[in-house]
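Please examine the structure shown here together with the briefing that follows.

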Amino acid sequence: MKLLLAPAVVVLAVFAAALTALFRWSLLEFIPGSLQTGGLTLANFRGVLAPQYLDAIRDTVVLSALTTGLTLVLSYPVAYALASTPSRRVRSVLLVLTLAPFFTGAIVRTYAWVLVLGNTVVTWPLPMLFTERGVLVGLVHFSMPTMILILAAALSHIDPVYARAATSLGARPSRVFWRVTLPLSMPGIVSGCLIVFAWTLSAFPTPELLGGGKVKMIANVVKDLGLDSFNWPGAAAFAMLALVLTLTLLVGLGRLTGGRAA
Amino acid sequence: MTMRSRLIVAILATLLTLPSLAPAAWAQNALVVSVWGGNWKNTVESVIGKAFTAKTGVPVEFEVGGTIDRLAKARVAKGSPLVDLNFTTTHVARLYISDGLYEKLDLAKIPNAKEIAREAIRSDYHLGTWAYVYTVVYRPDLVKEEITKWSDLWKPSLKGKIAMPDFDPSHIITIAALMEGGNEVNWQKGEARLKQLKGSIAAFYSTDAQSQDLMKTGQAPVQVMLSVNAYHLQEQGIAVKLVQPTDYPGIVGIDTIGVMAGTKKSDAAHQFINVALSKEVQTELVKALRAGPVNLGASVPAGLRGQPGIFTTTAEWKERGYIMNDEARAKTLAAWREWFTATIVKK
């Protein structure tokens with residue numbers, strides 16, 4: 001039994017070593033114009049607590065929460081149809097449409113959104129490209145296939161006997177949905193929301209391309225600090241801060257939902 | 001197995017092994033050059049690499065990647081480098097030098113260095129190979145008003161039409177400072193002026209590809225743009241106009257080459273640089289990259305002569321381009337980005 005755990009322990013050790021190295025970098029003094037670092041300091045953590053970096057954290061959390069909510073609302077009907085339709089053909093079509101985005105890369109999909117959200121194809125009443133709205137659209141589209149598949153799996157595991165029993169006792173379809181189907185699909189909803197939320201917290205190409213440099217999420221700031229400012233200690237400090245925040249949020253959400261993930 | 005069968009097997013084994021050994025021997029002997037991907041690598045390979053191999057018989061191999069990926073790799077391999085030569089921008093080269101990643105050049109082994117512009121001799125460790133400018137580029141089909149100078153960017157009619165790089169805002173920061181009587185060292189003088197530009201910026205780009213896409217789609221038809229990219233767009237049939245600003249010059253960028261400290265092929269690396277700086281190779285580089293030559297004797301096609309970023313005389317280097325101090329740029333970049341993000345990029 002212990003031997004079976006060995007691969008997991010090796011993977012954990014590699015992650016732990018990487019995180020230790022990241023933490024060490026976050027405590028080294030940044031010397032502008034040099035790759036050399038100075039002695040140990042907490043200045044990097046003070047630096048990344050500047051308003052523009054805290055704004056990026058706030059924007060990331062807000063965008064992640066909105067993405068999760070919108071993705072859930074838009075994905076649930078598709079997942080419901082996928083799980084409940086008796087027609088094999090309809091199910092196949094829905095499945096292909098759901099999986100189609102997986103066959104194009106994230107970058108290609110995002111570039112397509114650049115064209116759609118700009119005013120080249122459609123004239124939008126409100127500016128979409130290079131705004132939070134545009135980034136939100138891209139993030140929701142990116143997350144929907146995953147959410148649909150998780151919800152469809154959860155919905156297909158609900159025994160139809162429960163819905164039939166409720167109907168036979170006089171419940172209307174809407175009541176059956178709200179009182180029977182929705183509560184029974186809660187493990188899928190919780191799993192889907194946690195995955196999409198965690199995933200969006202680390203989004204990079206979507207805000208990078210659809211945000212036009214004006215919408216910065218956590219990963220974009222790490223890249224800016226590390227690759228553009230050559231401030232590797234600052235990037236490490238911000239990454240550590242973001243990691244702690246992400247873990248705190250996910251643990252908090254896990255507790256809030258009472259471990260109801262599927 | 002008979003004697004004859006054994007002989008046949010041995011011959012077949014040898015024949016099968018030979019082709020796999022040949023590339024290994026070739027690779028061991030090869031000079032490894034680190035450079036950006038895409039057109040940059042293709043040009044360095046077809047123009048400099050080919051001429052170098054023809055002259056010395058030494059094959060050339062390439063490691064391609066972004067500026068920072070390659071810097072990070074070089075740092076990890078410090079002392080026993082994975083590459084022998086490195087191409088990078090002049091201010092990033094300062095980081096290589098400050099970390100001891102470059103070897104001091106022996107100019108006696110690079111006689112062609114005597115023919116290059118003084119501005120291209122960046123330090124004892126790195127030399128310029130070609131030049132370009134960051135200048136104003138726009139699409140006359142989408143911007144009716146003619147743009148002739150940097151200060152035109154501040155016109156209200158260009159509101160919501162401009163894009164500029166956020167990975168390196170040094171160009172526009174320096175221009176704003178120059179407009180207020182300062183320069184890149186006392187850049188704070190231009191802060192107030194730059195703040196006035198904030199409302200005019202439609203987008204910030206992080207890569208050359210993004211910049212070109214913004215121009216092609218018309219999302220940002222006025223840009224602070226790399227001249228090389230603008231010429232590339234023109235070749236693709238996009239009618240963009242490069243401005244030779246009449247108030248302040250374009251900000252010069254110089255791509256440079258340096259020999260990695262610890263390389264075992266220092267002599268060959270020096271020879272490669274010498275070939276890269278020769279008149280003939282520089283002439284070909286201008287045609288391929290549409291960048292300015294550093295060798296003052298190189299020929300420039302008539303259509304490119306006098307264009308932004310193409311300097312052919314000492315006077316042109318001095319008058320038509322502003323060269324930032326590398327060290328000041330490398331040291332201040334983090335502070336510039338921090339201020340720029342907090343003040344200009346922030347909503």
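How many helices and strands does the secondary structure of chain B hold? Chain B comes to twelve helices and eleven strands, where helices (H or I, at least four residues) and strands (E, at least two) are DSSP runs numbered from the N terminus. The model is predicted, so that local features need pLDDT of at least 70 and side-chain atom pairs count only at pLDDT 80 or more, while totals for chains, interfaces and linings use all residues. Residues are numbered from 1 along each chain as its sequence is written, and chains are lettered from A and ligands numbered from 1 in the order in which they are written.

**Chain B overall**

- The C-alpha trace of chain B spans about 90 × 40 × 40 Å along its principal axes.
- Of the 347 residues in chain B, 46% are buried (20 or more other C-beta atoms within 10 Å of the residue's own, with C-beta atoms placed from the backbone).
- Among contacts in chain B between residues at least 6 apart in sequence, 71% join residues at least 24 apart; two residues are in contact if their C-beta atoms, placed from the backbone, lie within 7 Å.

**Interface with chain A**

- Chain B places 30 residues in contact with 25 residues of chain A.
- On the chain B side, two or more residues come from each of helix 3 (67-76), helix 4 (90-98), strand 6 (201-205), helix 7 (208-217) and helix 12 (326-345).
- Helix 12 of chain B gives the largest share of that side, ten residues.
- By type, the chain B side divides into 13 nonpolar, six polar and eleven charged residues; Ala, Val, Leu, Ile, Met, Phe, Trp, Tyr, Cys and Pro count as nonpolar, Asp, Glu, Lys and Arg as charged, and the others, Gly among them, as polar.

**Largest nonpolar core**

- A nonpolar core is a set of buried Ala, Val, Leu, Ile, Met, Phe, Trp, Tyr and Cys residues joined through C-beta atoms within 7 Å.
- The largest such core has 153 residues, of which L151(A), F238(A) and A163(B) touch the most other members.
- Helix 6 (residues 132-156) of chain A provides the largest share of this core, 14 residues.
- Leaving aside neighbours within four places in sequence, L151(A) is in contact with residues including S75(A), Y76(A), A79(A) and I189(A).

**Positive phi values**

- F130(A), a residue other than glycine, has a positive phi near 65 degrees and is found in the loop between helix 5 (106-117) and helix 6 of chain A.
- R290(B), also other than glycine, has a positive phi near 60 degrees and is found in the loop between helix 10 (279-289) and strand 10 (292-293) of chain B.

Technical notes. A residue is buried if 20 or more other C-beta atoms lie within 10 Å of its own, exposed if 12 or fewer, and partly exposed in between; C-beta atoms are placed from the backbone.
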